[in-house]
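Please read the following briefing alongside the sequence and the coordinates.

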Amino acid sequence: MADRYLTVPQVAELLGTTERFPRRLIAERRIVFVKVGRHVRIPESALGTFIEAHTIQPIRRSGGALRRAA
């Protein structure tokens, strides 16, 4: 299956941010991207990898850690 290449506005929409954020990720080389002439595209798989790498899992507490309010 071929990977889709997304534009900066498409990536911003998927992330729920402005276009400035994906452009900053590109400028700082924090996400994989492809340059086609002067156009910049981000592979859909690279976006998924970026999101996965920056996903924080919740802390699991043991059953005894829950306390009842007085």
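Leaving aside its neighbours within four places in sequence, with which residues is Ile 42 in contact? With contact meaning heavy atoms within 4.5 Å, the partners of Ile 42 are Arg 4, Tyr 5, Leu 6, Val 11, Ile 26, Ile 31, Val 32, Phe 33 and Leu 47. This is a predicted model, in which local features need pLDDT of at least 70 and side-chain atom pairs count only at pLDDT 80 or more, while totals for chains, interfaces and linings use all residues. Residues are numbered from 1 along each chain as its sequence is written, and side-chain values use heavy atoms, with hydrogens and water left out.

**Sheet**

- Three strands form an open sheet in the order E1-E3-E2 with antiparallel pairing, where strands (E, at least two residues) and helices (H or I, at least four) are DSSP runs numbered from the N terminus, and two strands pair if DSSP finds at least two bridges between them.
- E1 and E2 stand at the edges with a single partner strand each, so one side of each is left without a neighbour in the sheet.
- E1 is joined to E3 by two bridges, and in E3 the bridge partner of Tyr 5 is Pro 43.
- Strand E2 (residues 34-36) is joined to E3 by three bridges, again in an antiparallel arrangement; Val 36 stands opposite His 39, and Lys 35 stands opposite Val 40.
- The hairpin of E2 and E3 has two residues between the strands, and Gly 37 there takes a positive phi near 65 degrees.

- Ile 42 belongs to strand E3 (residues 39-43) and counts as buried because its relative accessibility is 1%, the classes being buried under 20% relative accessible area, exposed over 50% and partly exposed in between (1.4 Å probe, protein chains only).
- Ile 42 and Pro 22 are 20 residues apart in sequence, and their C-alpha atoms are 9.3 Å apart in space.
- Tyr 5, in strand E1 (residues 5-6), counts as partly exposed because its relative accessibility is 48%.
- Tyr 5 forms a nonpolar surface patch with Val 34 and Val 36, and together they have about 260 Å² of accessible area. Such areas come from the Shrake-Rupley method with a 1.4 Å probe, and for residues only the protein chains shown count as cover.
- Patches are made of residues with over 30% relative accessible area and no salt bridge, like charges being joined within 9 Å and nonpolar side chains (Val, Leu, Ile, Met, Phe, Trp, Tyr) within 5 Å; a salt bridge is a side-chain nitrogen of Lys or Arg within 4 Å of a carboxyl oxygen of Asp or Glu.

**Helix H1**

- In helix H1 (residues 8-15), Val 8, Val 11 and Ala 12 are buried. They cover an arc of only 100 degrees around the axis, which puts them on the same side of H1, the arc being that of the directions from the helix axis to the C-beta atoms.
- The buried residues of H1 pack against E1, helix H2 (20-27), E3 and helix H3 (44-53), whereas the face turned away from the buried side of H1 carries the exposed residues Glu 13 and Leu 14.
- Gly 16, which follows H1, has a positive phi near 75 degrees.

**Arg 29**

- Arg 29 lies in the loop between H2 and E2, and its phi is near 55 degrees, a positive value in a residue other than glycine.
- Arg 29 is exposed, with a relative accessible area of 62%.
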